[in-house]
Amino acid sequence: MAKDFDPSTVPIRNAATVMLVRDAADGDEGIEVFMLRRTTNAAFGAGMFVFPGGKVDDADHATELEPFCRGLDDAHASRQLGLDAGGLAYWVASIRECFEEAGILLAERRDGATLTVGDDDRHAVHDGTLSMVELCRRDDLVIDLSTTEYVDHWITPMGEARRFDTRFFVTEAPDGQEGLHDDKETVESSWVRPQTALDRLDAGELMMMPPTVKNLRWLAEFACADDAVAAGRAITDPATTLPKLRTNADGQVLGIALPGDPDYDSV
């Protein structure tokens, strides 16, 4: 890191991440969650195993989107997040990022017809030539936010070159959409039992960031997807987690301190 780097000047960008869950495909009790491996060329989280998500864009705040959203409006969304306004954009960003990164669109046709998800639309939304408003208007889509639950809140520690204020959501995956990485930002994808992902982390097969690990541990407790979403709904005021970087005298990063760690207050 450059000697003239001033961590206090790094902007904190708003972000949203969604945990897509479904009942285990093998028929045994438990759930699976959709996860992606980020490319090693990524500016943030390179090579990490993550949930779909990313930065909240200006377009996610579009007031024209609200009529296409069912089950949640900006006033209620903002109240859940502790914001004066603009909360709905986090839910919209989680839906958009899920479509861009995983190819799964959490929406329905207003007329009840079968939803067809195309790669052309996915890539057009990703490169900005098609907005979510335009997609919803063109195909008369409804984005159902009534079962997308806000469950966690993390802020990237001071000292990182990129910082994010990230809200985590959980929702049940729609039937008929399997999901696939985009081969750009993400290079691998799979449905995995949360405990299996944690075991692979312990075995050194996967790399994950602390928020991912914490939320996988939470998900591992549930017997079915409905239980996970219901538990998410019961979380009314998620605590904000602000990790701190452990460094040596030369400023080299040694690890992460989390609230509750013995040295957290002194880092």
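## Salt bridges

K55, D57, D60, R96, E97 and E100 are linked in a network of salt bridges, a salt bridge being a side-chain nitrogen of Lys or Arg within 4 Å of a carboxyl oxygen of Asp or Glu. By this rule the count comes to 22 salt bridges. The model is predicted: local features need pLDDT of at least 70, side-chain atom pairs count only at pLDDT 80 or more, and totals for chains, interfaces and linings use all residues. Residues are numbered from 1 along each chain as its sequence is written, and side-chain values use heavy atoms, with hydrogens and water left out.

E188 and R37 form a salt bridge through their side chains, with an N to O distance of 2.8 Å. This pair links distant parts of the chain, 151 residues apart: E188 is in strand β10 (residues 186-192) and R37 in strand β2 (residues 31-38). Helices (H or I, at least four residues) and strands (E, at least two) are DSSP runs, numbered from the N terminus. E188 counts as partly exposed, at 28% relative accessibility, and R37 counts as buried, at 18%. Buried means under 20% relative accessible area, exposed over 50%, and partly exposed in between (1.4 Å probe, protein chains only).

## Two further pairs

D121 and R138 meet in a salt bridge of 2.7 Å, N to O, between their side chains. D121 lies in helix α3 (residues 119-127) and R138 in helix α4 (residues 132-139), so the pair ties together parts that are 17 residues apart in sequence. D121 is buried, with a relative accessible area of 17%, whereas R138 counts as partly exposed at 48%.

In the salt bridge between D261 and R246, the closest N and O atoms are 3.4 Å apart. R246 belongs to strand β12 (residues 244-247) and D261 to the segment after β13 (253-257), 15 residues apart. D261 is partly exposed, with a relative accessible area of 27%, and R246 is partly exposed with 26%.

One cavity of 30 Å³ or more is counted. On a 1 Å grid over the protein atoms alone, a cavity is a set of points where a 1.4 Å probe fits but cannot get out, and a pocket is an open set with protein on both sides within 12 Å along at least five of seven lines; lining residues have an atom within 4 Å of a point. Grid points are joined across faces, edges and corners, and a volume is the space filled by probe spheres set on the points.

The largest cavity has a volume of about 40 Å³. Its lining is made up of F99, L105, L115, T116, V117, G118, D121, L135, D139 and L141. By class, six of these are nonpolar, two polar and two charged; Ala, Val, Leu, Ile, Met, Phe, Trp, Tyr, Cys and Pro count as nonpolar, Asp, Glu, Lys and Arg as charged, and the others, Gly among them, as polar. G118 sits in the loop between β6 (108-109) and α3 and counts as partly exposed at 25% relative accessibility.

## D140 and D144

D140 lies in the loop between α4 and β7, and its phi is near 50 degrees, a positive value in a residue other than glycine. Most residues other than glycine have a negative phi. At 35% relative accessibility, D140 counts as partly exposed.

D144 is part of strand β7 (residues 141-144). Its side chain makes a polar contact of 2.7 Å with that of S146. A polar contact is a pair of N or O atoms within 3.5 Å; within protein, one must be able to donate a hydrogen and the other to accept it, and residues adjacent in sequence count only if both atoms are side-chain atoms. Leaving aside neighbours within four places in sequence, D144 is in contact (heavy atoms within 4.5 Å) with R70, L106 and E108.

## L20 in strand β1

L20 is found in strand β1 (residues 12-23) and is buried, with a relative accessible area of 0%. Apart from neighbours within four places in sequence, L20 is in contact with E32, V33, F34, C98, I104, L106, T171, A173 and W191. L20 and G204 are 184 residues apart in sequence, and 24 Å apart in space from C-alpha to C-alpha.
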